[in-house]
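Please look over the sequence and the structure first.

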Amino acid sequence: MLEGSTRLSPQAEGRPGLLAQVRRAIRVRHYSRRTEEAYVRWIRRYVRFHRMRHPAELGVHEISQFLTSLATEARVSASTQNQAASAVLFLYREVLGRSVHSLRGVVRAALPRRLPVVLTRGEVAAVLGQLSGVPRIVVVLLYGGGLRLQEALSLRVKDVDFDRRQIVVRRGKGARDRVTVLPQFVRAELRSHLERVRELYDRDLARKAFVVPLPYALERKYRGAGREWRWQWVFPAARLQRDPGSGRRQRQHLHPSAVQRSVKLAVEAAGIGKRATCHTFRHSFATHLLEDGCHIRRVQELLGHRDLRTTMMYTHVLDGRSLGVRSPADLL
């Protein structure tokens with residue numbers, strides 16, 4: 001049931017709009033921008049599903065109706081339905097100040113057990129052979145360090161340690177930091193790339209542009225830190241953008257779609273029949289480490305998995321020789 005001390009009026013005087021309240025609550029809790037956009041999108045969809053009625057007028061029954069429709073009519077995946085549920089529950093608990101208990105009768109989307117797509121080492125080399133420039137460097141980091149695409153694009157200069165051959169991933173999935181390996185394979189390319197980024201940075205400073213946004217309230221705490229070299233993106237966008245909130249010009253990091261398009265074309269050009277994406281290189285990183293005898297706990301740390309069971313899925317796609325199994329057909 002829904003619990004709350006007062007019933008919020010949809011037209012509360014002086015109160016910002018519902019979605020503005022949602023965004024404020026998310027930013028106070030330091031959720032990522034991608035989470036913010038996803039939650040706002042689901043909450044908007046929830047309101048439209050109930051014909052623009054204010055959520056304060058709705059209850060557990062209406063929430064269950066919405067989530068069930070996603071599974072039975074929209075036929076979304078289990079992870080998508082879970083994300084929608086998280087967004088709606090966040091709205092009630094953190095914005096409307098009400099606790100939601102026992103969502104009964106919700107038809108759950110099927111949770112298929114899918115094995116990750118993994119490339120062989122030869123296939124990885126073939127794809128890299130079709131890439132050049134920034135997309136190639138990014139993909140080497142995905143495969144050589146087990147990074148997610150967003151983690152790679154969010155790297156700042158200070159996060160890359162050439163001397164210690166490591167990369168510090170800040171606020172990865174689950175808002176956790178971790179350290180992973182910097183591939184020797186890409187060090188020279190990455191150094192040359194950063195030299196070009198430094199030239200872009202110097203031009204930004206000369207134009208007195210506000211260079212990069214800083215996480216949390218660091219911009220207020222450390223005045224001018226956003227104009228320091230160490231805070232610059234390793235993979236900056238080509239164009240400056242104007243921040244809608246402050247009106248200042250700033251440079252965001254490269255958009256994920258730029259790398260995703262390059263990878264799609266490279267996979268096709270390499271003649272690979274697997275459905276390989278940017279995330280496939282992270283899967284391949286983990287699988288190849290396990291095939292080489294790396295301890296699964298170490299792989300878990302490098303990937304940033306909270307639960308070992310998540311890492312264990314890669315044991316199901318190991319090379320047959322790594323499994324210690326010989327096919328009986330090979331004995332005929």
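## Helix H3

Helix H3 (residues 60-72) has 13 residues, which should span 18 Å at 1.5 Å a residue, and its end C-alpha atoms are 18 Å apart, so the two values agree. The expected span is 1.5 Å times one less than the number of residues. Helices (H or I, at least four residues) and strands (E, at least two) are DSSP runs, numbered from the N terminus.

The model is predicted: local features need pLDDT of at least 70, side-chain atom pairs count only at pLDDT 80 or more, and totals for chains, interfaces and linings use all residues. Residues are numbered from 1 along each chain as its sequence is written, and side-chain values use heavy atoms, leaving out hydrogens and water.

H3 is mostly covered, with ten of its 13 residues buried. Buried means under 20% relative accessible area, exposed over 50%, and partly exposed in between (1.4 Å probe, protein chains only). Among the buried residues of H3 are Val60, Phe66 and Ala71.

## The chain as a whole

| Property | Value |
|---|---|
| Helices in the chain | 14 helices |
| Strands in the chain | seven strands |
| Buried share of the 332 residues | 43% |

## Arg178

Arg178 lies in strand S5 (residues 178-181). Is this residue, Arg178, buried or exposed? Arg178 is buried, with a relative accessible area of 9%. Leaving aside neighbours within four places in sequence, Arg178 is in contact (heavy atoms within 4.5 Å) with residues including Gly146, Glu151, Arg282 and Glu301.
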